[in-house]
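Have the 3D view open as you read.

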Amino acid sequence: MYKAAIIGAGVVGGMTARRLSAYDMSIAILEKEADVAMGQSKANSGIVHAGFDPKPGSLKAVLNVEGNRLMEKTCAELGVGYRKNGALIVAFNDEDMKNLGILYERGAENGVEGLKLLDGDQARKMEKNLSKSVRGALYAPTSGVVCPYELTIEAVGNAMDNGAELYRNFKVCDIKKEAHGFIIEAEDGRIIESEYVINCAGIYSDKIASMVGDDSFTVTPRAGEYMLLDKEAGYLTDATIFKVPDHMGKGVLATKTVDGNILLGPTSVDREDKEDCKVTAGGLAVVKEKEMRFFDEVPFDKVITQFTGLRAHGDKGDFIINSPVKGFINAAGIESPGLTSAPAIAVKIEKLLLESGMHVSLKENYNPCRKKRVVFSRCSPEEKNRLIKENSDYGQIICRCEEVTKAEILDAIRTNPGAVDVDGIKRRTRSGMGRCQGGFCMPGVLEILAEELKKAPEEITKKGGDSKILFGRLKAGEKK
Amino acid sequence: MKNAQVVIIGGGPAGMSAAVAAKEAGAERVMVIERDSSLGGILQQCIHNGFGLHKFGEELTGPEYAERYEKLVSDAGIEFLTDTMVTDLSRDRVVTCVNGNGCMQIKADAVVLAMGCRERPRGALNVPGERPAGVITAGTAQKFVNMKGYLPGKKIVILGSGDIGLIMARRMTLEGVEVKAVCEIMEDSGGLTRNIVQCLRDFEIPLKLHHTVTEIHGKERVEGVTVTEVDDKLNPVRGTEEYISCDTLMLSVGLIPENELSKKAEIKMDLKTKGPVIGEFKQTEVPGIFACGNVVKVHELVDFVSDEGEIAGRNAARFALGKDLEAGEKGKKHVTEKKGVKNLAPEGEPVVICTVCPVGCKITVTSPEKEGEEFKTEGNTCSRGRAYAIKEVTSPERTLTTVMRCGDGTMVPVKTDRPIPKDKIFECMKIINEKTLMLPIKLGDIIIEKIGETEANVVCSKSLS
Ligand SMILES: Cc1cc2nc3c(=O)[nH]c(=O)nc-3n(C[C@H](O)[C@H](O)[C@H](O)COP(=O)(O)OP(=O)(O)OC[C@H]3O[C@@H](n4cnc5c(N)ncnc54)[C@H](O)[C@@H]3O)c2cc1C
Ligand SMILES: Cc1cc2nc3c(=O)[nH]c(=O)nc-3n(C[C@H](O)[C@H](O)[C@H](O)COP(=O)(O)OP(=O)(O)OC[C@H]3O[C@@H](n4cnc5c(N)ncnc54)[C@H](O)[C@@H]3O)c2cc1C
């Protein structure tokens, strides 16, 4: 019997597990995929929003601003890349200028610090590639960027370091309430018992809630499509550029990720299927068209990949954080600014649990910090030399685009939560994320995974499930 | 910091020929740095033949061509570091590299860039759809099949009909894979005509010109692709979509010179070729830094890469020795081989593109009307061409290249030492597939004599120990 079971290893589940792992209690993290950060927390804009956007007084507003304040420290403890690059919300016409004023007021009401209204030239002075047609902008200096899957991985890893257990490929299909807690069943028949259950299942959070009889909300997948540009396009902008919302909606953004790539998007279109992560020609065309308003020229020839993220859009207009059944807590419909809010959501869940009578005491040996991963490519020649002398695997570069070494890949497999597939290595080390998108390093990564996990290469997958990369060995006639 | 007169970055054909030429031109301390575990570059995975027609006047496989140069390099006593990657280069020619022994810096009097090229990934192409496993570039597939001995798919569609796509269509077919179609967005294939004949037509693989892949289906593994015709502006034509079920989409959509290092040294680049701007001495705009081969622009034939390497290597040595630079031989003209389907006659017609030499004559063959009369040929410029053309319409023959497995998992490239009848190809593949090899093995070693009752022996095309 676990004290708490957290369903979903996204950023919310990860942050919650980390927070709870400070207490002397047993924690199970249940994730339906083979790895963590496979839902919304993998594919989003990665913006640590300042908090001028949500309706004042809403959970979104409060937790966003609080999350923003907590983010820098959280990232520092977890060794996650974070950059406070500021945001410019740009306006092109009279309607926009009016809305900019409203946004400024709202931001102030939400408690966002440092907001400033700029004219077009002042904005261009900050970001010189902004289009001449930009007439004004709202500057939000507390806006930042973070790598969302890195944050999730390190949060889960930190929770695990402090004793939490991760169950992979554990797709919760049924929850039964018993006298002392809950019996949680996975699709493959595995069963886990827990006193408390926390629902952090993203777009499936409505399905999980209904397993305990809570049908009070639904969550729709709302797709956002993106294009990612090579680091060579990094000159385009440093700050995050948003279009001020107008009667047409919110529009797209352009930002420089913590790793230095330019990210363009997202669109916003509801989809029927919660698994439909297709990238569409139409969606990409919309991104292109909208981005072209921001800048006079966008180097679309530097696109290295495109992807789609599905927002867990709840029908209540706000985050759903409550306890519909004693011992069961929802963190549902956590769409944007959910990434930003995650550290604050975790604190809120902790409070709800303690208020509901959970008796636990703080651990003595809790460690909120993680050992920072070595990023070989960022080391000086002297440091590189020292690393190689200590471990010659640092001298073997597997991914040439991002200069990732064998030692870093092995570390990604061995450190909590260990990578088990090619995409997992990619999210932890950036191997395969550069401009050749794994063409060169994938065979090497696959071999290292097979060797380290003691599997045959043909068993290694791209991203779990049936996503096998190879169909067996050549020369079937070969006699064994 | 170490010193060297000429440092060559990349040990492919360009780098090797540059090294040999630099040594010949008088440089004492020449050093080749290669990140792979052996010299040879991309040639090591190009086990098919078609290399060296210009340079050596014979058809070699990639590994054979590489081995000739490896021998020249070692005979000349040139130092080379393998498993070593150059990670930085400065304008004043400090080369930083990394291997299992540490991170090392070398100050070079002259540098030759010979890093080759890389494949364009799918993202750069904006193919919409899911992101399943099973989307692979042709070069990666080639590495899996030829070097590692793994099959990356069973039913494939290839996007792009450049030579690599064509070569891989044949290669996969030989290994029992079903190649459902090769799609080419342009109105003609950019591949050599001989490859269209020998890689597609021989195996009746459909080539869909003016078609592209507009969607990838499948969540975990590819389940199919939508193939659509495009108009003159290359936009998909609505209503022409066709779903092809497959487990793999192989991309052969072009190569880009690998110039991370050139950019680090802030060498001026040519926006069109995506390689450094070079002059007649193969020198970049940074004095003392030279460039050759695929790093400059994508070359179709290795022979020209070797020629370019010679000029670059010689001049790098001359620069290091303080001598004036020399241009290459003037008037040395490269014959360009025929490309695309436009040179081909419709299937079934007696027109043959000669592959005996790079000229590629278009020869029409007319069968004798009466017994005892001879075949008539038109369009050939030599008697070898005539003989080839007649053979091609009566009983076509092909050289078979493939790999064999060793007990320890090493894959050995092999070939038939002469062409075999085309209709015996699969029979011979079966015989080859049943045999396992043992190391060490030398280039030219006979592995199977007179395979499948033909006159041809299967020989090893790479020395391995
Ligand atoms: C396009 C897009 C852009 C965004 N941009 C931003 C932004 O810039 N800034 C920001 O602050 N926020 C942003 N967000 C929102 C942010 O990404 C989310 O709020 C946050 O990632 C939510 O995390 P989560 O853990 O709740 O959900 P998820 O990351 O979706 O995690 C849920 C997990 O639950 C698992 N799960 C589901 N069902 C089951 C089951 N039955 N059994 C076991 N496990 C299950 C899933 O596999 C998944 O791993 C964006 C979202 C999207 C989609
Ligand atoms: C699939 C395919 C089929 C082909 N078929 C034919 C054919 O039939 N006939 C023909 O004549 N030609 C053919 N070619 C063309 C021919 O192989 C190439 O033109 C030739 O190999 C280019 O030589 P290169 O030395 O410039 O580059 P490469 O062969 O690519 O060599 C570059 C070398 O540099 C190394 N390198 C790169 N960066 C670094 C670094 N930072 N540090 C250390 N080392 C580095 C690489 O590992 C590599 O070994 C084919 C090419 C391909 C890809």
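What follows covers the ground rules, then the contacts inside chain A, between the chains and inside chain B.

This is a predicted model, where local features need pLDDT of at least 70, side-chain atom pairs count only at pLDDT 80 or more, and totals for chains, interfaces and linings use all residues. Residues are numbered from 1 along each chain as its sequence is written, chains are lettered from A and ligands numbered from 1 in the order in which they are written, and side-chain values use heavy atoms, with hydrogens and water left out.

**Inside chain A: domain 1 against domain 2**

- Chain A splits into domain 1 (1-82 + 145-218 + 315-372), domain 2 (83-144 + 222-311) and domain 3 (376-459), with bounds that come from an automatic or database domain assignment.
- The centres of domain 1 and domain 2 of chain A, taken over C-alpha atoms, sit 28 Å apart.
- Domain 1 of chain A puts 32 residues into this contact and domain 2 of chain A puts in 36, where contact means heavy atoms within 4.5 Å.
- About 2600 Å² is buried between these two domains of chain A, 55% of it on carbon and sulfur atoms; buried area is the accessible area (1.4 Å probe) that two parts lose on being put together, summed over both.
- On the domain 1 side of chain A, A:F52, A:V145 and A:I203 supply 27% of the area buried against domain 2, more than any other three residues.
- Five salt bridges are counted between domain 1 and domain 2 of chain A, a salt bridge being a side-chain nitrogen of Lys or Arg within 4 Å of a carboxyl oxygen of Asp or Glu.
- A:D206 and A:K274 form a salt bridge, and their closest N and O atoms are 2.8 Å apart.

**Chain A against chain B**

- Chain A brings 55 residues to the contact and chain B brings 53.
- The two chains bury about 4500 Å² between them, with 56% coming from carbon and sulfur atoms.
- In chain A, the residues that lose the most area to chain B are A:F471, A:L474 and A:K475, together 18% of what that side buries.
- Four salt bridges are counted between chain A and chain B.
- A:E232 and B:K263 meet through their side chains in a salt bridge (2.7 Å, N to O).
- Sorted by class, the side of chain A that touches chain B has 22 nonpolar, 12 polar and 21 charged residues; Ala, Val, Leu, Ile, Met, Phe, Trp, Tyr, Cys and Pro count as nonpolar, Asp, Glu, Lys and Arg as charged, and the others, Gly among them, as polar.

**Inside chain B: domain 1 against domain 4**

- Chain B is assigned domain 1 (2-118 + 256-320), domain 2 (122-251), domain 3 (345-394) and domain 4 (401-460).
- Between the centres of domain 1 and domain 4 of chain B there are 32 Å, taken over C-alpha atoms.
- Eight residues of domain 1 of chain B touch six residues of domain 4 of chain B.
- These two domains of chain B bury about 580 Å² between them, and carbon and sulfur atoms give 68% of that.
- For domain 1 of chain B, 69% of the area buried against domain 4 comes from B:I47, B:E64 and B:E67, more than any other three residues supply.
- One salt bridge is counted between domain 1 and domain 4 of chain B.
- B:K415 and B:E64 meet in a salt bridge through their side chains (3.0 Å, N to O).
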